[in-house]
Amino acid sequence: MSRALTLPPPHRPDPEKTTVLRIAVPNKGSLSEPATTMLKEAGYRTRRTGRELVLIDEANEVELFFLRPRDIAVYVGQGTVHAGITGRDLLLDSGVQAVEHLALGFARSTFRFAAPAGTMSSLADVAGKRVATSYDVLVREYLRAQGVEATTVHLDGAVESSVQLGVADLIADVVETGTTLRAAGLEVFGEPILASEAVLITTEAYRDEPGLATLVRRLEGVMRARSYVLIDYDVRMNDLHLATAITPGLESPTVSPLQNPDWVAVRSMVPRADMNRVMDELYEVGARAILVSSLLACRL
């Protein structure tokens, strides 16, 4: 069940302006630093001078509330804040009426079952067993949807020890490398329960909030900028068709004349993951002075 949580009334620097957008941001854990960095790259004021709960960004008409990641979905679900950044797993485990609005592409993790090595191999083996987890709402809903009856045992942390201590028969938890599980004599089995990552959440009532639309555009711009690089190079006119086939750009590359009429300068966006392969291929078709630049933000 969700807890009743309250925040101070909204700060409105100018009553003639639109409602200030209230955004909940993780104050600690693996979500905190990348969430703050993304908001900074999106143009929001995020510098904190101490442990203050709220930071007011009057220029962008937002208030940032730094809260426990597990509480953020509760605040959003109650309508206390308009939007928040949290994990998909935490959202689904909250049991509140908040919705995922935008996947943010960081803090990815997999949520899985694990049991003593060699004892379980499929979801059917979970029936009638005790499952230790810090995400009991999420696990119960998953088991119910799969038609499996089992008992969930709520623990706030260190669920890996629960089997050895006799509290549970298996666990359900976030799995990264699996090193901690193996050290406890456990191994994952069955299909993943959930693929989680950081997400921007809101409620149906606030989906059309103008400030939220601006926030989404900015965050999408940051994510696209991280996914692409800008590549510049010179190429002979006779080889231009070969080079632009390698770097077609989003609509088309930018081609500019050079002092030497036999050569042109080309600029294009390419996926960051393909950057080195593209440079190699351009060099093979005669391109020279190949330069790659990172993007800070973009709108496509």
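Two residues are in contact when heavy atoms of theirs lie within 4.5 Å. Select Leu104 to begin: leaving aside neighbours within four places in sequence, Leu104 is in contact with Met38, Ile85, Glu197, Ala198, Val199, Leu200, Leu219 and Met223.

Before going on, note that this is a predicted model, in which local features need pLDDT of at least 70, side-chain atom pairs count only at pLDDT 80 or more, and totals for chains, interfaces and linings use all residues. Residues are numbered from 1 along each chain as its sequence is written, and side-chain values use heavy atoms, with hydrogens and water left out.

**The core**

Leu104 also belongs to the largest nonpolar core, which has 44 residues. Such a core is a set of buried Ala, Val, Leu, Ile, Met, Phe, Trp, Tyr and Cys residues joined through side-chain atoms within 4.5 Å. Buried means under 20% relative accessible area, exposed means over 50%, and partly exposed is in between (1.4 Å probe, protein chains only). Next select helix H6 (residues 210-227), which gives the largest share of the core, six residues. Helices (H or I, at least four residues) and strands (E, at least two) are DSSP runs, numbered from the N terminus. Now colour domain 1 (21-107 + 197-225) and domain 2 (109-195): both give residues to this core, so the core lies between them. The domain bounds come from an automatic or database domain assignment.

**Helix H2**

Select residues 69-77, helix H2, where seven of nine residues are buried. The buried ones are Pro69, Asp71, Ile72, Ala73, Val74, Tyr75 and Val76. Show what covers them, including strand S1 (21-26), strand S3 (62-67), strand S4 (83-87), helix H3 (88-94) and strand S11 (198-202). Just after H2, Gly79 has a positive phi of about 80°.

**Two loop residues**

Is Ser134, the next selection, buried or exposed? Ser134 is buried, at a relative accessible area of 10%, and sits in the loop between strand S7 (130-133) and helix H4 (136-146). Its side chain reaches the backbone oxygen of Leu155 at 2.6 Å. Beyond four places in sequence, Ser134 touches residues including Arg70, Asp93 and His154.

Finish at Thr46, in the loop between helix H1 (32-41) and strand S2 (54-57). Thr46 is buried too, at 10% relative accessibility.

How values were computed
A polar contact is a pair of N or O atoms within 3.5 Å; within protein, one must be able to donate a hydrogen and the other to accept it, and residues adjacent in sequence count only if both atoms are side-chain atoms.
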